[in-house]
Amino acid sequence: MNRPENLVLVDANDRRIGVAEKMECHLGDGLLHRAFSVFIYGPDGRVLLQQRSAAKPLWPLYWSNACCGHPRPGEAVRRAAKRRTQEEFGIDCQPRFLYKFRYQARYSERLSEHELCHVFESDYSGDINPDPAEIAAWRWIAPDALTREVKSHPERFSPWMKLEWAEIRRRRS
């Protein structure tokens with residue numbers, strides 16, 4: 001049985017204001033908590049995507065960036081991003097901070113996301129060993145093709161990934 005996971009509650013300025021159990025953070029409109037997303041680029045510039053496991057309570061089987069998650073209380077966000085990328089994909093990466101933002105997205109009448117999310121990127125050129133408990137499928141995609149696919153089929157992608165990808169592309173144009 002999985003033990004409860006505590007998340008770091010933050011204010012709008014990303015200052016820690018407490019901790020709460022993970023499911024509690026996602027009930028109703030959600031409690032604002034610290035999170036991260038990692039975008040991984042291969043040597044040819046393609047972006048690594050994952051299809052979230054069917055067992056995920058929020059956005060199961062949606063396509064998303066390589067890794068997302070929550071730092072543990074007392075854990076630096078960059079360190080958490082590195083840890084979860086290793087746990088989910090078997091990738092030892094060196095996340096580079098890009099920016100952070102706040103978002104809220106309703107998944108169902110009962111569940112939602114409400115996060116202050118730190119966005120990272122990393123390069124990687126090695127083997128991939130995805131955890132099937134976390135990842136249903138994965139693929140590499142060219143950045144322009146990803147932009148077109150998100151535009152033509154937004155319903156296939158997690159809400160945070162769509163927001164983050166649009167901002168990454170805006171910053172690079």
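Modeller: Start with Arg-139, whose charged end sits over the ring of Trp-63, 4.4 Å from the ring's centre. To count, NZ of Lys or CZ of Arg has to be within 6 Å of the ring centre and within 35 degrees of the ring normal. Keep in mind that this is a predicted model, where local features need pLDDT of at least 70 and side-chain atom pairs count only at pLDDT 80 or more, while totals for chains, interfaces and linings use all residues. Residues are numbered from 1 along each chain as its sequence is written, and side-chain values use heavy atoms, with hydrogens and water left out.

Now for rings that meet rings. Rings of Phe, Tyr and Trp (its six-membered ring) pair if their centres lie within 6.5 Å, and planes under 30 degrees apart are stacked, over 60 edge-to-face, the rest tilted. That rule gives seven aromatic pairs. Take Phe-89 and Trp-138: their ring centres are 6.4 Å apart and their planes are at 90°, so this pair is edge-to-face. It joins distant parts of the chain, with Phe-89 in helix H2 (residues 77–89) and Trp-138 in strand S9 (residues 135–141), 49 residues apart. (Helices, H or I and at least four residues, and strands, E and at least two, are DSSP runs numbered from the N terminus.)

Phe-89 has a relative accessible area of 0%, so it is buried; Trp-138 has 36%, so it is partly exposed. Another pair, Phe-101 and Tyr-103, is stacked because the ring centres are 5.5 Å apart and the planes are at 20°. Both of these are buried: Phe-101 with 17%, Tyr-103 with 5%. Trp-59, Tyr-107 and Trp-160 make up one aromatic cluster.

Back to Phe-89 and its helix. H2 has 13 residues and reaches 18 Å from its first C-alpha to its last, close to the 18 Å expected at 1.5 Å a residue; the expected span is 1.5 Å times one less than the number of residues. Its buried residues include Val-77, Ala-80, Arg-84 and Phe-89. What do they pack against? The buried residues of H2 pack against S3, S4, strand S6 (67–69), S8 and S9, where contact means heavy atoms within 4.5 Å. After H2 comes Gly-90, with a positive phi near 70°.

Eleven of its twelve residues are buried, so S8 is largely enclosed by the rest of the structure. Strands pair if DSSP finds at least two bridges between them. S8 pairs with S3 in the parallel sense over nine bridges, and Arg-34 stands opposite Leu-116 in S8. With S7 the pairing is antiparallel, over ten bridges, and Arg-96 has Glu-121 in S8 as its bridge partner. A hairpin of five residues joins S7 to S8.

How values were computed: Buried < 20%, exposed > 50% of the residue type's maximum accessible area, 1.4 Å probe, protein only.
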